[in-house]
Amino acid sequence: MNPANPAPATTPAKAQRVLVLQGGGALGSYQAGAYQALCRSDFEPNWIAGISIGAINAAIIAGNEPAKRVARLKEFWEMVSSGSPWVPVPITKGDRERSLYNETSAAVIATFGTPGFFTPRIPPAPLWPKGSPEAQSYYDTAPLRRTLERLVDFDRINDLKCRLSVGAVGVTSGNLKYFDNVEFNKLGKRFGPEHVMASGALPPGFPSVVIDGEHYWDGGIASNTPLDYVLDRETTNDLLIFQIDLFSARGPLPETMLEAAEREKDIRYSSRTRMATDKNRQIHNARKAVRDLIEKLPGDLKDDPSVTYLREAAKENTVTVVHLIYRSKNYETSSKDYDFSHVALVEHWDAGVRDVHRSMQHKDWLERPQSGETMVTYDLSDEENPSKKE
């Protein structure tokens, strides 16, 4: 390539667009709002990877034609939030009354379940025979399967209209496994609702899901963000990734037991984005060193088979990650991921819309880096100072 004529910046239309969705229960409506805003900004993903509630959102998006996706997401989230209809008037945000309302809503959900998603076992788990599926979880997720079958066109997913990857962990092996419609297609296998349910089978609330004789639990137990999988699987094409997380790794020092419980959950389920980007940056530095070394070799060595192999191995794609993280409100506690109230749904959805609109104001984020970097991450970390991590 002639250095005097560098390649033009890669726009989202030229890079492969990827949507990465973290697990987080009721907070998942933030992802739905973010996707709605991405649609308005002409960002349609070629590939969606999700864990837990992120897998459910991902399946609804991938399993519908673009014109129907937001409507299907709204239908799902309005249905699962209809089990806690009571709304205090007025709701005072940021005070103890609002926090009490959130805790009450979460308690109602924990007691009675939520429509179209899960229901409490009757009789409860301890009364079922040891070893039976019913003895291993508090809730029955059969309603979720019916919901997925109604809202998701699995024929569309298996026709590879959009790549879909969801992560689950083997109960006996402890290994994280991804169910991927593209990989399934190569093997002559079909992607179905059971794969989505396995990704969201968080114990002991939900039962494991059996696939090909193996029991699977929620992938968030091992890794709550599928970014690593995407980066490992695609090393050729440029990627523009919107990663939408529901728990923040960073937060203030807790001052009460409730705050400590919330902070512990945030840390436990926050994404491993920094670890993934650090790892890939180390790989980038090693590849760059190999390329630089090859250029310094004398001409008679450059055609050596080992050098040819290293030259191919040192090639890189360019990855841009726009990282959005839901930021908890002062009145939210550790129950925020199972507060499926309609009030919380609307707040989280609107927050997702706002954060994407703010991200899209930074048009340079969507261009291919021209400074020699092969991986950059933009973090919309606060209202005034969105940051770039290089």
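Mentor: Let us begin with a residue in a strand: His215 lies in strand 8. Helices (H or I, at least four residues) and strands (E, at least two) are DSSP runs, numbered from the N terminus. This is a predicted model, in which local features need pLDDT of at least 70 and side-chain atom pairs pLDDT 80 or more, whereas totals for chains, interfaces and linings use all residues. Residues are numbered from 1 along each chain as its sequence is written, and side-chain values use heavy atoms, with hydrogens and water left out.

Trainee: Is His215 buried, partly exposed or exposed?

Mentor: Buried means under 20% relative accessible area, exposed over 50%, and partly exposed in between (1.4 Å probe, protein chains only). His215 has a relative accessible area of 34%, so this residue is partly exposed.

Trainee: Which residues does His215 touch, not counting residues up to four places away in sequence?

Mentor: Contact means heavy atoms within 4.5 Å. On that basis His215 touches Val169, Gly170, Val171, Ser208, Val209 and Val210. Gly170 is 45 residues from His215 in sequence, yet their C-alpha atoms are 5.9 Å apart. With Ser208 there is also a polar contact of 2.9 Å between the side chains. A polar contact is a pair of N or O atoms within 3.5 Å; within protein, one must be able to donate a hydrogen and the other to accept it, and residues adjacent in sequence count only if both atoms are side-chain atoms.

Trainee: Where is Ser223 placed, and is Ser223 buried or exposed?

Mentor: Ser223 sits in the loop between strand 8 (214-218) and helix 9 (227-233). Its relative accessibility is 3%, so Ser223 counts as buried. The side chain of Ser223 reaches the backbone oxygen of Thr225 at 3.3 Å. Leaving aside residues up to four places away in sequence, Ser223 touches Ile51, Leu176 and Arg272.

Trainee: At what angle do the axes of helix 1 and helix 3 cross?

Mentor: Axes are lines fitted to C-alpha atoms, for helices over the stretch in contact, and angles run from 0 to 180 degrees between N-to-C directions. The axes of helix 1 (residues 29-40) and helix 3 (residues 66-80) come within 10 Å and cross at roughly 160°. Helix 1 is therefore roughly antiparallel to helix 3, a term for angles over 145 degrees. The contact involves Ser29, Ala32, Tyr35, Gln36 and Cys39 of helix 1, and Arg69, Val70, Leu73, Lys74 and Trp77 of helix 3.

Conventions
Parallel < 35°, antiparallel > 145°, perpendicular 65-115°, else oblique.
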